[in-house]
Amino acid sequence: MKLEMLNNKVLVSIKQKQTKTKAGIILPEEKNERIVMCKVEAVPVNIDVPITKGDFIYVDKYKLTECEIDGKRFIVDADDILAVVDMA
């Protein structure tokens, strides 16, 4: 399926935190965490923010709009992106 985003909207998926250490210790989830790291899945052609598909960004989880496309995905306005993560 080909998906084209419109009006400065970005399709993202939340990057899940590791909940189990290498030693097998299970870590509790942080329920109070407001800022989440997301992976960019689709961007519109003419976007003002310098991001591309595959980038990681930080957003406020309360600004995400949930949608169901091949699993759980979210739509966020490009103006609500807090930071772009440089994974290099």
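This is a selection-by-selection tour of a predicted model. Residues are numbered from 1 along each chain as its sequence is written, and side-chain values use heavy atoms, with hydrogens and water left out. Because the model is predicted, local features need pLDDT of at least 70 and side-chain atom pairs count only at pLDDT 80 or more, while totals for chains, interfaces and linings use all residues.

**Stop 1: the salt bridges**

Select Asp 77 and Lys 9. They form a salt bridge, with the closest N and O atoms 3.3 Å apart. The pair links distant parts of the chain: Asp 77 belongs to strand S5 (residues 72–77) and Lys 9 to strand S1 (residues 9–14), 68 residues apart. Strands here are DSSP runs of E, at least two residues long, and helices are runs of H or I, at least four, numbered from the N terminus. A salt bridge is a side-chain nitrogen of Lys or Arg within 4 Å of a carboxyl oxygen of Asp or Glu. Asp 77 counts as partly exposed because its relative accessibility is 22%. Lys 9 is also partly exposed, with a relative accessible area of 31%. The cut-offs are under 20% relative accessible area for buried, over 50% for exposed, and partly exposed in between (1.4 Å probe, protein chains only).

Next, select Arg 34 and Asp 60. This salt bridge has its closest N and O atoms 2.8 Å apart. Again the pair links distant parts of the chain: Arg 34 is in the loop between S1 and strand S2 (35–42), Asp 60 is in strand S3, and 26 residues separate them. Arg 34 is partly exposed, at a relative accessible area of 47%, whereas Asp 60 counts as buried, at 9% relative accessibility. By this rule the count comes to two salt bridges. Side chains of opposite charge can pair when their charged atoms come close.

**Stop 2**

Tyr 58 counts as partly exposed because its relative accessibility is 33%.

**Stop 2: a charge over a ring**

Select Lys 15 and Phe 56. The charged end of Lys 15 sits over the ring of Phe 56, 5.2 Å from its centre. The rule asks for NZ of Lys or CZ of Arg within 6 Å of the ring centre and within 35 degrees of the ring normal.

**Stop 4**

Select Ile 47, in the loop between S2 and S3. Ile 47 counts as buried because its relative accessibility is 17%. Not counting residues up to four places away in sequence, Ile 47 touches Asn 8, Val 10 and Ala 78; contact means heavy atoms within 4.5 Å. The C-alpha atoms of Ile 47 and Asn 7 are separated by 8.4 Å, with the two residues 40 apart along the chain.

Finish on Asn 7 and Asn 8. Asn 7 counts as exposed, at 67% relative accessibility, and Asn 8 as buried, at 18%. Phi is positive in both residues, near 55 degrees for Asn 7 and near 60 degrees for Asn 8. Most residues other than glycine have a negative phi.
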